[in-house]
Amino acid sequence: MVEKRQVFSVGDLCIDVLQEIKNPVEFGKEHSLKDLNFSIGGNAANFAVIGSKLGFKPKLLSAIGKDFATSFLKKNLSKANVKRSLISCNERNAFSIILVDRRGERAIQSTKSCLKELTAKRIEKMLLPGLTQGDVVFFGGFYHLPNLRSGFKTLLKKIKKHNVIVCFDTCFDTKRIWSISQFLPFIDFLFVNDLELKHIAKGSTMQKRVVSLFNKGSNVVVVKQAGKGASLFVKDFKPEQFKSVAGKVVDTTGAGDAFNAGFVLGLMNDWSLDNCMRSGNFVAAKKVQVHGLAAPSVSAVKHFISIHNKPTLVVARNYDELSKVAAQHVINLLKRKPNASIALPTGKTPKKLYKLLVSAYKKGKVNFSKASFFALDEYVGLKKSDKNSFSYFLMNNFLSKVNARKQNIHLLDGSVKNLKKEAAKYETVIGRKGIDLCILGIGENGHVAFNEPGSCSYGLTRLVKLKHHTRKVNGGCFSENIAPLKAITVGLKTIRENSAEILLLASGKHKRKAVLNTLKSKDFMKWPAVALKPHKNFMVIADKAVAGKKRVD
């Protein structure tokens, strides 16, 4: 579920003086100017202005000088509804002189002036007291802030202790130092353009350069490629390019900042990384059509995402790798949000996942003490202590082997007399707490949890009858090799509307038909998981036996 989170934009604020040129500039000659455009500039300030237009209203932390531009900057920040905390100094404001050609490409000359006042110590005092879990801290224009480099690693360490998301955009380093390696382990999302990447990392290709960043601690790198769009690199996954959706290009100034704001809008809405990329491209496309800092409406972005939204398919080499990827997904979530709520599946598919999580816990790599857990379903007539119950499965394979607290474990009881009351109570608890990550398996007939074919896409937690095929497949441990006729299950609507993220795991050729139809079909009555496809953060992790192609390195 989307939480109320803050966004802080830390970095450069300057005034942009923009001139559109039609012919080459010749020294020794005077050229007439059509007009000069003055606007707020700086990577952090641009991000804050566009973020405010997109509705998530970042707070700008920067420095402002004393000269004729001061009132202009303050007036325009207020006009854009940008919250800010600015260090005032007696230096001049920072300026960027920007020449834009007919193609919308630009050349920039800049002065840093008052930005020298931004130090790690001063930002720490401005930033840390207001941080809460789940906030986003965006650093823009790092190379424009010469005095921030000293102590920046220590600042990042302190920020990360608050369980926040750190985004970092490099910008161009006019001093040609290009050193950020020591900071990479503390940055969640690194934004660079293809030219900056060539300076920051070694390698003959874009992918090799990004791999070198992974080797130094990066986990997610977004490479902006101007008219080509942008590429998403996630450690241990194959990269994916998202083509630009821009039409007419008038001015690319601030396009990268607009992309960053669109991407963070996706993070704030718990969208998948694929949808964050689509959002970034769409916002950037709207900005380049005009001079100045423009952005589409939030409703326009959401409509665009709805049109292009689809599940993210990740293909692992085999079952072991599938389990490893899923386990790391859970670990990363709990590092970011220790009190996350996780819905847990049963069956053969998640067994290795649970084994890896138990192992990670014993090695001190993950802490489950603040997390909450929900079972997805349970057989009617079985007590929680019954060895064939899903409650017993989850406790025996996972929950009793880690430091999950009893009060945070929510299991369905199929042995109670009033099953409708049990289902309604469970639905209420899920609605109140929400689910940060819903992990699902999928049956051969496409059922998820115990939502069998024919289930209503708007179903809530309820009593259901199981298909004979499901009962036979699951019946190995029961007398006469057949599972009970009835069960309680969390509904498709419950999953779709209460989960911030859905992770569906599938392994083996026998699951191939169900997964392919989930991805390609529109018939949710026949293939229940299709009802989850409108979700904006739905990932399917399948092994090669299911998907037949490779997506994971």
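In helix α6 (residues 206-215), the buried residues are Arg-209, Val-210, Ser-212, Leu-213 and Phe-214, where buried means a relative accessible area under 20%, exposed means over 50% and partly exposed lies in between, with a 1.4 Å probe and protein chains only. Helices (H or I, at least four residues) and strands (E, at least two) are DSSP runs numbered from the N terminus. The buried residues of α6 pack against β10 (189-193), α5 (194-200), β11 (220-224) and β12 (230-234). Just after α6, Gly-217 takes a positive phi of about 125 degrees. The model is a predicted one, in which local features need pLDDT of at least 70 and side-chain atom pairs count only at pLDDT 80 or more, while totals for chains, interfaces and linings use all residues. Residues are numbered from 1 along each chain as its sequence is written, and side-chain values use heavy atoms, with hydrogens and water left out.

Positive phi values also turn up at residues other than glycine. Most residues other than glycine have a negative phi. Asn-163, in the loop between α4 (152-160) and β9 (165-169), has a phi near 55 degrees. For Asp-270, which sits in the loop between α7 (255-268) and α8, phi is near 60 degrees. Asp-270 counts as buried because its relative accessibility is 17%. In α8 itself (residues 273-287) is Lys-287, a lysine that is buried with a relative accessible area of 0%. Beyond its neighbours within four places in sequence, Lys-287 is in contact (heavy atoms within 4.5 Å) with Asp-251, Thr-253, Gly-254, Ala-255, Ala-258, Gly-292 and Ala-294.

Helix α2 (residues 70-79) has Thr-70, Leu-73 and Leu-77 as its buried residues. These three lie on the same side of α2, because they cover an arc of only 70 degrees around the axis, the arc being that of the directions from the helix axis to the C-beta atoms. Ser-71, Lys-75 and Lys-79, on the other side of α2, are exposed. The cover over the buried residues of α2 includes β2 (14-20), β3 (37-41), α1 (43-53), β4 (59-64) and β5. Just after α2 comes Asn-81, with a positive phi of about 60 degrees.

Asn-93 belongs to the loop between β5 (83-88) and β6 (94-100) and is buried, with a relative accessible area of 1%. Its side chain makes a polar contact with the side chain of Thr-70 at 3.0 Å. A polar contact here is a pair of N or O atoms within 3.5 Å; within protein, one must be able to donate a hydrogen and the other to accept it, and residues adjacent in sequence count only if both atoms are side-chain atoms. A polar atom of the Asn-93 side chain also lies 2.7 Å from the backbone nitrogen of Gly-65. Between Asn-93 and Ala-327 there are 49 Å in space, C-alpha to C-alpha, and 234 residues in sequence.

Ala-327 is one of the buried residues of α10. The 18 residues of α10 (residues 319-336) should span 26 Å at 1.5 Å a residue, and the end C-alpha atoms are 26 Å apart, which agrees; the expected span is 1.5 Å times one less than the number of residues. At the N-terminal end, Asn-318 caps α10, with a side-chain oxygen 3.3 Å from the backbone nitrogen of Asp-320. The buried residues of α10 are covered by elements including β14 (312-316), β22 (502-506) and β23 (538-543).

Strand β23 has 6 of its 6 residues buried. Phe-538, Val-540 and Ala-542 lie on one side, and Met-539, Ile-541 and Asp-543 on the other. β14 and β23 run parallel and are joined by 5 bridges, with strands taken to pair if DSSP finds at least two bridges between them. In this pairing, Val-315 stands opposite Ala-542. β22 also pairs with β23 in the parallel sense over 5 bridges, and Leu-503 stands opposite Met-539. Together with helix α16 (residues 512-520), β22 and β23 make a right-handed β-α-β unit. Right-handed means that, with the strands pointing away from the viewer, the path from the first strand over the helix to the second runs clockwise.
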